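Dear colleague,

Please find the structure for your study below.

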Amino acid sequence: MPLARVALLESVSLGPAHGEKRQEVLGRFLALVRHHLDEAVAEGSLEPLDTTVVADAWLGAVNELVTQWLQGTLADLEGAAPALATLLLRSVGARVGGRPRPG
């Protein structure tokens, strides 16, 4: 938890070098998420969508939950994971819990 706190909450004071490295790491993570979304679209599991916007939004949602957990306003990060996964999957029309996509 201390490393996550530094990376997400206290990193502004670490200077531009840290900011550049953080952006690099986030960029790699976003590229991975986009890749998997693009594959799902290509195979027909998802309807066509802007995978760049979706990946950014998903990262924002994950970041916010982790930040709330680090600040003590979310007590159970692991307990929140299933609800977050359901929300993210539904946001792109994916199957959730074996249920077919609506529409």
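In which helix is the place of Thr-51? Thr-51 belongs to helix H3, where a helix is a DSSP run of H or I with at least four residues, a strand is a DSSP run of E with at least two, and both are numbered from the N terminus.

The model is predicted, and local features need pLDDT of at least 70, side-chain atom pairs count only at pLDDT 80 or more, and totals for chains, interfaces and linings use all residues. Residues are numbered from 1 along each chain as its sequence is written, and side-chain values use heavy atoms, with hydrogens and water left out.

The chain as a whole

The secondary structure amounts to four helices and zero strands, in the order α-α-α-α along the sequence. The chain has 103 residues, of which 20% count as buried; buried means under 20% relative accessible area, exposed over 50%, and partly exposed in between, with a 1.4 Å probe and protein chains only. Among contacts (heavy atoms within 4.5 Å) with a separation of 6 or more, 44% are between residues 24 or more positions apart.

The nonpolar core

In soluble globular proteins, nonpolar side chains tend to be buried together. A nonpolar core is defined as a set of buried Ala, Val, Leu, Ile, Met, Phe, Trp, Tyr and Cys residues joined through side-chain atoms within 4.5 Å. The largest such core here has 13 residues, and those touching the most other members are Val-33, Leu-37, Leu-46, Val-54, Trp-58 and Val-92. At least two residues of this core come from each of helix H2 (16-42), helix H3 (51-70) and helix H4 (77-91).

Val-54 is found in helix H3 and counts as buried because its relative accessibility is 15%. Beyond its neighbours within four places in sequence, Val-54 is in contact with Leu-37, Leu-49 and Val-92. The C-alpha atoms of Val-54 and Leu-88 are separated by 9.0 Å, although these residues are 34 apart along the chain.

Other residues of the helices

Thr-51 also counts as buried, because its relative accessibility is 9%. Leaving aside neighbours within four places in sequence, Thr-51 has contacts with Arg-34, Leu-37 and Asp-38.

Leu-65 lies in helix H3 and is partly exposed, with a relative accessible area of 23%. With neighbours within four places set aside, its contacts are Leu-74, Leu-77, Ala-80 and Leu-84.

Ala-31, in helix H2, is partly exposed at 34% relative accessibility.

The second largest pocket

A pocket is found on a 1 Å grid over the protein atoms alone: an open set of points where a 1.4 Å probe fits, with protein on both sides within 12 Å along at least five of seven lines, and lining residues have an atom within 4 Å of a point. The second largest pocket holds about 190 Å³ of space. Twelve residues line this pocket, and Ala-40, Ser-45, Leu-46, Leu-89 and Ala-94 lie nearest its centre. Helix H2 gives the largest share of the lining, four residues.

Yours sincerely

Conventions. Points joined across faces, edges and corners; volume = space filled by probe spheres on them.
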